[in-house]
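Work through the exercises below with the structure open. Try each task before reading its solution.

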Amino acid sequence: MSVDHYFLLGRSGLRVSRLALGTMNYGKAGFHAPFGKTEDEARPIFRRYLEAGGNLVDTADFYTAGQSEEILGRLVAESGSRDRVVLTTKVSHNTDPGNPNAGGNGRKHVIRAVEDSLRRLGTDYIDLLLLHVWDTLTPAEEVVRTFEDLVRSGKVRYGGFSDVPGWYAARAQTYAEAHGLNPFVALQIPYSLLGREIEAEYVPLARTLGMGIMGWSPLGGGLLTGKYRARDRGVTGDGRLGGEGAAWTSPWQADERAWRIIGVLEEVAGGLGRSMAQTALNWAVTQPGMGAAVVGASSVGQLEGNIAALDFELPADARARLDEAAAVAPRTVYAMFTTAYQANGINTGSKVGDKPRGYAPPLWHG
């Protein structure tokens, strides 16, 4: 089992694994503390990811109150893998309550946060810096200029976005292009069989403007693994989503639609002789626009199960069943962009496409 096939992230020369290792649970402090791992517990997971050929590692400045970055920095140093790994961290959240400039996306905070992340990570540069979340206030132009300065200073290699509106990402990327500045190469947003809403706007945006999508929560917060079952007041199962009042860390609810999708997934996975998690992860990471899927792991065994999701090709009939079960009907104006509307209302009587099949054959040097 390995993840040693690498692809370019967005319109860049950065080679990354299709599975990114999420380290949100490295540490025992802050918001993520209840499900955190100590450094000794995280070490074998991180080492196994490297041994399998993985190189894309994801963290953030506020994960486990900074402990995630500290632990990750030490693990990278002791493994001697700094030049090999693509170290990704994020900035936006406030790490100094009461200080209005210790959070958000303004220049003052972003530069301070990067300096703090560099110290915690024990490195002098960040391979990929993501704006963690839209703060609804800071102009896109200021963010672009700040990231440009960080890249020019050598402290950041590439920039990207996480959880921002589509129009904001487009505004920033277009501004960068128009002014000859370094473009953004990644867009990290939630994506799974349970949540395909991004396909209406974010996927064409990313593909057109050169940003590779890094899908987070590709297993729907664990719902798509099959370890949870429905019950009257929520879900039950051995995990962070089970139990009365359990913390919900997925952007999608365990509603009737979700359980229908899970049922079809279980049938498809059984027919393939694969686990539900592997089948759902394979589907997500091979969807259009996807550069990588961000997966966490609480054990080496769980990580190896996720890695095995890359060992097979999802048959066309299996993908079709999953696509149909998880389909999201386009709403309002998006309905006008569908193939059916375009064929009947725009190209009536003619069959029109972008490029003929084979116009841009895939490149693979392996």
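Two strands pair if DSSP finds at least two bridges between them. The model used here is predicted.

**Exercise 1. Sort the residues of E3 by direction.**
Which residues of E3 point one way, and which the other way?

Solution. 
- Step 1. Recall the rule. In a regular strand, side chains alternate between the two faces of the sheet.
- Step 2. Apply it to residues 19–22. Leu-19 and Leu-21 point one way. Ala-20 and Gly-22 point the other way.
- Step 3. Check burial. All of these E3 residues are buried.

**Exercise 2. Trace the sheet through E9.**
With which strands does E9 pair, and over how many bridges?

Solution. 
- Step 1. Locate E9 at residues 212–216. Of its 5 residues, 4 are buried.
- Step 2. Look at E8, residues 184–190. E8 and E9 pair in the parallel sense over 5 bridges. Leu-187 stands opposite Ile-213.
- Step 3. Follow the link. From E8 the chain crosses through helix H6 (residues 202–209) to E9, and the crossover is right-handed.
- Step 4. Look at E12. E9 pairs with E12 over 4 bridges, also in the parallel sense. Here Ile-213 stands opposite Met-290.

**Exercise 3. Describe the setting of helix H8.**
How many of the residues of H8 are buried, and what do they pack against?

Solution. 
- Step 1. Take residues 276–285. The count is 10 buried out of 10. Among them are Met-276, Leu-281 and Trp-283.
- Step 2. List the partners. The buried residues of H8 pack against E3, H7, E12, H9 (300–307) and H10 (316–325).

**Exercise 4. Explore the core around Phe-161.**
Which residues touch the most other members of the largest nonpolar core?

Solution. 
- Step 1. In soluble globular proteins, nonpolar side chains tend to be buried together.
- Step 2. Name the residues. The core has 99 residues, and Phe-46, Phe-161, Leu-187, Leu-193 and Met-211 touch the most other members. Helix H7 (residues 256–272) gives the most to this core, with 8 residues.
- Step 3. Zoom in. Beyond its neighbours within four places in sequence, Phe-161 contacts residues including Leu-130, Val-143, Phe-184, Leu-187 and Met-211.
- Step 4. Phe-161 belongs to one aromatic cluster with Trp-134, Phe-147, Trp-167, Tyr-168 and Phe-184.

**Exercise 5. Classify Ala-178.**
Is Ala-178 buried or exposed?

Solution. 
- Step 1. Find Ala-178 in helix H5, residues 166–178.
- Step 2. Read its relative accessible area: 62%.
- Step 3. Apply the cut-off. Exposed means over 50%. Ala-178 is therefore exposed.

**Exercise 6. Find charges over rings.**
Which ring does the charged end of Arg-82 sit over?

Solution. 
- Step 1. The ring is that of Tyr-125, with its centre 4.0 Å away.
- Step 2. For Lys-355, look at Tyr-359. Lys-355 lies over the face of Tyr-359, at 5.5 Å from the ring centre.

Terms used:
Residues numbered from 1 in each chain as written. Predicted model: local features only at pLDDT ≥ 70, side-chain atom pairs only at ≥ 80, totals over all residues. Heavy atoms only, no water. Phe/Tyr/Trp six-rings, centres within 6.5 Å; stacked < 30°, edge-to-face > 60°. Lys NZ or Arg CZ within 6 Å of the ring centre and 35° of its normal. Core = buried A, V, L, I, M, F, W, Y, C linked by side-chain atoms within 4.5 Å. Buried < 20%, exposed > 50% of the residue type's maximum accessible area, 1.4 Å probe, protein only. Helix = DSSP H or I, 4+ residues; strand = E, 2+ residues; numbered from the N terminus. Contact = heavy atoms within 4.5 Å. Right-handed = clockwise from strand over helix to strand, strands pointing away.
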